[in-house]
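Look at the structure below before reading on.

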Amino acid sequence: METERLLAESGSVNGDAGPDYGGSWSGSERGASPGWRRWRRRRRRRLSFPGAWNPCGFSGSTGDEELYIQQAVVFIEDAIQYRSIYHRVDSRSLRLYRCYYSRFCQWGLGLTIMAVLLLAFVERPSSLSVSSDPRHRLPAWQPPCGFTESIEMVCLLIFTLDLATKSYLIGWEEFRKNKWLISYTVVITISVIDWVLSVSMVCDERLRVRRLFRPFFLLQNSSLMKKTLKCIKRTLPEIASVILLLALHLCLFTMIGMLLFVKTEDPSKNGEWEAHFRGMPNSLTSLLVLLTTANNPDVMIPAYSLNRAYSIFFMLFSVIGTYCLMNLLTAIIYNQFRGYLLMSVQTSIIRRRLGIRAAFQILSCKQEQPTEDQPACVQVAAVLKVMSKVNMKKYYRQAIIKVAQHHKTLDREQFRMIFNELDKDQIKEHPPLPEYSSPVFQRLQRAFSHYALTILGNAVALANVVCICTILVLNSEKSTAERDNFYMELINLAFILYYLFEMVAKLFAFGWKGYVSYRNNVFDGLLTVLLLALQITMYVFYKAPFTRWDPERHNIVSLWEMTRTINMLIVFRFLRIIPDIKLMALVASTLMDLVKNLRAFAGILVVVYYMFAVFGIWLFEGAIKPPSHSGGISNSSMENVTTNFTMICGTYEQLEYWPNNFDDFAAAIILLYDVMVVNNWQAFMEAYSRYTTEWSKIYFVSWWLTSSVMWVNLFIALILENFIYKWDRSHSCSVTDVERIRYETSVQLMFKEQIQEPTEEELLCQLHQHPHLHLDW
């Protein structure tokens, strides 16, 4: 079979099939001679010890020790970052490889991607205006021809250099199989051609095709985004099946609605038909919006006012569509996407194990030929030398070195086990408390380091917030000139003095290093210092609080502005209670982890927003123009009332949604967000269908399906997965453990219980396929 041929041919580099892990070897031995079976068993044993022959043969390699160390360092860095090891391994290429993945180059590439994406806010139509409302929007600054084009060309040159570097490092054979790099080449080519056309037309063209391809630069630079996009693509069939069921549900009720609400001879009974069921497009749109509950109960009021039985139709539609099918869609997306994400994580783990296995193979090349009794091993001194050159977090480096120093030599399994430290949580250790010789100081230290001081601080913060709320309620009807801040400032001064005492007491009890080792203390301390600085500034400009301050007095900053700033900081300081309540701390830590783990989702959402915003500008720029009589800002409320009275209630014009338009990129982003939230999104869809064409509804429905239906449900799925993982782990933690232990939660750690380790045969097969690392087995 193909697998056996691949493993049997020692000179094979690229195979079409991987090894069969289901016991096919033993099955193929049935009926064979005993001698042939003994030979196959010896063959399997030799595969278990890959150093049994000449273990290394490198294309373009001198075979010296420094090259071995350099290759091992790069393979371990690939394993840490879950990168592919299929790249050139000669000394010159490895230096270029490490330079390319250095922090400076990667930050530079990231800033370049950000710059090319932000050009949409500056280039025509420019978003550089204070307001997006066309009724009183000042002309936006338009960049001169060649300004944004020059920046874009510099970015394209950097992308071209990035493409050339990646292509060289992986080689031509791998480049031809990499769809992302081929697409990268096509996108850069199209962008350059479109850029040349733009410059030749003196920047007067309306359609810039390259704007639509700019998000690709963000996608191709993130391996996690590529995996997430692949998972989404594989989840689409399941999503499409539920959406098809929703479409059938929508069409069925649309036809029933058109049969129920028909035009009659009595005009007073045609309200439902006139407003929502006049034709097929109108009926579909009304029920589609009802699916999102944005027009409930408006859509049924005309019929419900005639006969209360009509409410059954609308209630059945909402219960089946909104509460059953839409929630079923969320459940399906959660279930399906979690499985595909697990597959993606499995691939990442295989990459890590493969990088570690390749590093072991490299480091074991220097020794004499191993035997079955003495398998391949690596000297610890070589491992320590490699680890001193690997770019990684200091914590993990120390942990790996500490485990490695317990051995003199490391076999293959031991070598793999020392890198299991990368999969462990990082526990933050707090420095020991300072030691005082005085008995008085020792008693004070025990008192100030006791958890009761934290509880007291939370109670004081709560009392401070209650006082602020009480005074704000009493002064809610007063203008800033009528308010008397004298008592509020006295109260704030007393609380700030307590906060200062608490900070000094904790500094005394824990010491400086111990104090800053708690993030809660750092948060409290920064706010306390800022509050004290503001209070001192107020005394300098407004004198002491024992005299009645003139609330109308102004110097650099008004008294009210400084008082308001202090109160906002005090309210913000009340967040200190979060780590001390277990469930609240769990939710807060989940949100913090989401910021880290959902970067790929956020990036894909940016891509989708960007593309739809560009399409929206192409289709609807300047489509909606305000009435001529509202060209300026009116100070008369009666004029506004009169104007709105003549318009249909709930329409784009009556709601004065004029700032929500597609006249520039920033305004388009905000309008898309408003539609994604689905509150009154029918007003935008109805307005643009009136001002342009009925086909414009396809654009808004497509955006609703992409953002609100698919992406939001994916977001919910990841929130559920993250929260369930944190909840399961929290059962063994106390309230103080949530503050004292910082979990380094990653997507890989979330699924570590379900991950299956790759077998030795699988790793060997993939090492065989390395295009630049020729191993002779």
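In which helix is the place of Asn-713? Asn-713 lies in helix α29, which covers residues 696-730. This is a predicted model, in which local features need pLDDT of at least 70 and side-chain atom pairs count only at pLDDT 80 or more, while totals for chains, interfaces and linings use all residues. Residues are numbered from 1 along each chain as its sequence is written, and side-chain values use heavy atoms, with hydrogens and water left out.

**Asn-713**
- Asn-713 has 5% relative accessibility and therefore counts as buried (under 20% relative accessible area; exposed is over 50%, partly exposed in between; 1.4 Å probe, protein chains only).
- Apart from neighbours within four places in sequence, Asn-713 is in contact (heavy atoms within 4.5 Å) with Leu-329, Thr-330, Ile-333 and Ser-708.

**Helices α16 and α17**
- Helix α16 (residues 380-387) packs against helix α17 (residues 394-404) at an angle of about 175 degrees, and their axes are 10 Å apart.
- Axes are lines fitted to C-alpha atoms over the stretch in contact, and angles run from 0 to 180 degrees between N-to-C directions.
- The angle makes α16 roughly antiparallel to α17 (over 145 degrees).
- On α16, the contact is made by Val-380, Val-383, Leu-384 and Met-387; on α17, by Arg-397, Ile-400, Ile-401 and Ala-404.

**Whole chain**
- The chain has 32 helices and four strands (DSSP runs numbered from the N terminus: helices H or I, at least four residues; strands E, at least two).
- Of the 777 residues in the chain, 46% are buried.

Technical notes:
Parallel < 35°, antiparallel > 145°, perpendicular 65-115°, else oblique.
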